[in-house]
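The report below takes up a few places in turn.

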Amino acid sequence: MLVYGDGNLNFEVLEGAEQLDEILIEAKKDDNIKTAVVGVTTIDMAGIKNIPVVLGERDILKIATTMPGVKTAGEGASGFNVRGGRTDQNLILLDNAVIYSPSHFLGFFSALNPFTTGSLDIYKASIPAEYGGRLSSVFDIKTKDGNLTKFSGEGSIGPVTANLSLETPIVKEKSSLILGGRATYSGWILRSLDDENLKNSEASFYDGIVKYKHKLNINNTIQTSIYYSNDKFSITSDSLYRYNNQLASLKWDHEFNEKNKAEVILVNSQYKYNIDYEGNSNRNFDFGYKINETQLKLNFDYFYSKKHKFKYGLSSKLYNVNPGTIEPSDLNSDVEYESLDKEKGLESAIYIADLFEITDRLLLDIGLRYSFYASLGPATQNIYQDGLPRNPSTIIGQETYGNNAVVKTYGGPEIRTSFRYFLTPSFSLKGSYNNTIQYIHLLSNNTTEAPIDTWKLSDLNTKPQRAQQISLGLYKNLDASNIELSLEGYYKKMKDILDYKIGADLILNENLEQELLQGQGKAYGIEFLLKKKKGKLNGWLGYSYSRSFVKLDSPLDEERVNNGDYFPANYDKPHDFTTVLNYKLTHRFSFSANFTYQTGRPITFPIGKYVIANEEQVVYSDRNQYRIPDYYRLDLGLNIEGNHKLQKLAHSFWNISVFNVLGRNNPYSVFFVNDDGKIQAYQTSIFTVPIPTITYNFKF
Amino acid sequence: MKKAAIFKFFLCFIIILHSSCREPFEPDSIDFLDALVVESTITNELKKHEVKLSRTYALENFEPTYVNNANVRVEDSNNNLYSFSLISDGSYISDSAFQAISGVTYKLYITTQDGKEYESDSIELTPISDITNLYTEIVTKDNGETGIQIMVDNNNTNSSAQYFRYQYEETYKIIAPNWNLYEAVLTNFSVASNGDAVEFDSEFIERTQEEQICFITDKSFGILQTSTSDLNENSIEKFPIKFIQSNDGVLRDRYSILVKQFVQSIEAYTYYEIVNELGENQNILSQTQPGFVLGNVSSLNDTQEKVIGFFEVSSVSEKRVFFNYSDFNFPKPEFIFECNLIELDYSINATCGPCSPPIRNERAQIYRLLTTFEDDNLNYLITEIPQPLEGIWRLTNPECGDCTTLGTNIEPDFWED
């Protein structure tokens, strides 16, 4: 009813009753074909209950790696390679705060509590303009909202971990609290073993999260999350490694009017690790690394019209890095205290995006972001002679900067644009062009990401990484959107991605730039995904063919790798096939299976020996000329729901799964050892036998 | 089963951290790289310089193949040409003595037998900086081992000399502990039909050469480098060259070490540093990125051909030091070779029947041990003339009775007792 002016209108309403059919409201049902976003994957935690798991852990990030375009270097490797990008190129957000090390046990388990995690959106191609700072992807993980009406909880007991989450309203229908905690009893298992070596080793973790959401009134909502995770493990009996993540976020949603909304986000994240070395000698030390960032972000939504929906905002992030401090851990230690200069940087951005619906068929998402980075003092930076390799003899000077003095600035526009065109109502074509800038780099001597890798900010001698990507995709929905089909292709170019000179030393190195190379990368691929969302049989099937190359060229021999040509990146795995299937036998029993096949990753092999300085040395092939054997694995699972009696303490279900049913000996790494003059290759594997697991889950 | 599998997981997890949960793995088809390996350092010493040429060898092999019959020459920027000639497998020595001079560049040319040509970059002599002091200190290592640390100081005043590589040559005297002036020679032997009993006459003749006191020289092994580039002071202090455990047999009879210091260019230093680093053992958390290390010698015929090695022109400085174990109040170390003393019975009673206790006659064994020695198949020798001859003979391994089996009996010119 529209009222155009003052006046009176009297009318009567008659009472009548009508039985309505059941109404199902499905959110985002056709999102995959409707939105203009290319290369987005959404994983809903509720939908992955039946997937077979290893050691009883339902792991949303592991599920993410079953999607085409998201890969890991291998079992037990943390970090993801998204569309041929390095592991440091993913912005992993938990309730808007960056989580630097989202895994436990060096990557065997994700650091996210499956019961409190609501959903995960992965942006692989068109990254919304509001996000920035990483080249390849955004993993946006959202914690569930607590139950507003009644106290409830969920828990699980597995062979390695126990997990409990609780939800409770604080003010009914207005505010709620959800909290989750997880811990492992592996420390207890290890101590109970007979083996002396294992008895003294340490491997344990825990994490906890609290989220509080309060709807103040119809126009204002605030929510806050606090997360903490901690890992402790020993690699040798004399060293203890500890790392932890600490996040705090605060978000205030405000609605000015029907057309204008705002979000104010304040977050702080910290990641740090420690190595405590305690041998029997005078070399005991304590080594520490820490990165801390605080970000303030303002997002505005402006629904200008049906045709134009604007989003705009700004953000600023302050980084503080302590790149390494070593100190003697006892009085007898001869280790000298050393602390590298702290690094400081300010990364800011403004953005605007317009969701422009040109016709019913054509939708444009035009985004522009401008990011700006300033490396800040106090700092001392080496100045090198141009055109010469960076080494101690080419330093021509040193510049010292005072507190908050600007050392160097970088910046640039980032275009985030994409379109959707409906070919038919259930068949769409989408495309996107994106460019991204990343001002922070991960230093890692390993091919796989490890928790003792360190993050470094761009500075006078280290440039930011930059990338551009074009993607094109076809999306088709069948059977009333129950079946989704997609085919996407992409081409990505990167520059100034970080690599290292041969034999680089990265820890406690005050002239780190002398070990670094910045090269180019290119990646391309096609990804196919078939997803069936409902029915007795559901699941998905993904395949991707993708390549990723790096080029390290320079006029200087020392800084050239593989003759300055493109070579496969460490994580270049061309074929990747994954399928995850669930079959619902009855209401109580369901089977699930998942199968993965991947090309083995590239590796540098020794290809001969020679003698120099009276000593035998090994000559290595060109970098990444060979590959380790292919990877494949089959997991099976059985879910048994508890009885369906109405009166019972808790709803429960059992999950029985067998990981690596085929007992495939997938190599985790390959290395070479000189056994009495003969060079022998060895492989290490993690799961060489099928691992059965029983987990008990309950809900109340 | 389930428990076992989970334990196995933990076992593997922890063991992976300890990096030993491993099994051999045969990579399919590795293309062996057959490449020329060049090793040469021309110095500012006036001497005949050496160029070593070899080729890479397969991973399962133990010995390099040497490159012989190559044409090797060094040319300087004053158009002086120094030709080299093969003197032993893969080793070429300049026909005349020469020394590198600062301000002149040198270039190595190689033409192999199959006509392939190689050349190095043009290299200039590195700055000169001498070893100030070569000395020893008693140290006790973290693992409790006590010994002698040989160290170098260099109060380097030449700020342009920042990169150093060291080589050393240890020479030590050995006195054969079971030496005997006489050798046993067996003659007129006859072997019984069953092969057990052997009859022979023995004769003892005086040795014709020095076999009691010898000298052993060992060259250093591996790459030993240091740099002053990251130090405020350009000087080297207490740089450890070699550690000798207090009970090491090399100290038993006088020991000497010659340390040579080569001043390197940054390029040469970096090359050797990377080669050395790649050769070190790595664990799973600190793998260095391996790859092909580019040297400064390249092929003229095929720019893609890989050549290994570095041609260096370095200034050199050397110092020698002598010492004895007694200078440090160490107990006398055991001989470098573990001596096996055997006592055998030469008694006439060849056969005895059911003697109790049986009478030994071990002439067959004496014969076997002493005569195979004659075939250069060094087996055993006599350590003292048995008295009486028909009694017990004492034999020992040649290493303990004849020092020429371990070293040379020629006293080096530099030797000081």
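This is a predicted model: local features need pLDDT of at least 70, side-chain atom pairs count only at pLDDT 80 or more; totals for chains, interfaces and linings use all residues.

## Nonpolar cores

The largest nonpolar core holds 78 residues, and among these Val619(A), Leu36(B), Leu53(B) and Val275(B) touch the most other members. The element that gives the most to this core is helix H2 of chain B, residues 266–279, with 7 residues.

Once residues up to four places away in sequence are set aside, Val619(A) touches Pro606(A), Ile607(A), Gly608(A), Lys609(A) and Tyr610(A) in chain A, and Leu33(B), Ala35(B), Thr56(B), Phe292(B) and Ile308(B) in chain B.

## Helix H2 of chain B

The 14 residues of H2(B) should span 20 Å at 1.5 Å a residue, and the C-alpha atoms at its ends are 20 Å apart, which agrees. Its buried residues include Glu267(B), Tyr269(B), Ile274(B), Val275(B) and Leu278(B).

The buried residues of H2(B) pack against strands of both chains, namely E36 (606–612) and E37 (615–620) of chain A and E13 (163–175), E17 (224–227), E19 (255–264) and E21 (307–323) of chain B.

## Tyr346(B) in its loop

Tyr346(B) sits in the loop between strand E22 (341–345) and helix H3 (363–374) of chain B. Because 18 other C-beta atoms lie within 10 Å, Tyr346(B) is partly exposed.

Apart from neighbours within four places in sequence, Tyr346(B) is in contact with Arg363(B), Ile366(B), Pro386(B), Leu389(B), Glu390(B), Gly391(B) and Trp393(B). The C-alpha atoms of Tyr346(B) and Trp393(B) are separated by 6.6 Å, although the two residues are 47 residues apart along the chain.

Note on methods: Residues are numbered from 1 along each chain as its sequence is written. Chains are lettered from A and ligands numbered from 1 in the order in which they are written. A nonpolar core is a set of buried Ala, Val, Leu, Ile, Met, Phe, Trp, Tyr and Cys residues joined through C-beta atoms within 7 Å. A residue is buried if 20 or more other C-beta atoms lie within 10 Å of its own, exposed if 12 or fewer, and partly exposed in between; C-beta atoms are placed from the backbone. Helices (H or I, at least four residues) and strands (E, at least two) are DSSP runs, numbered from the N terminus. Two residues are in contact if their C-beta atoms, placed from the backbone, lie within 7 Å. The expected span of a helix is 1.5 Å times one less than its number of residues.
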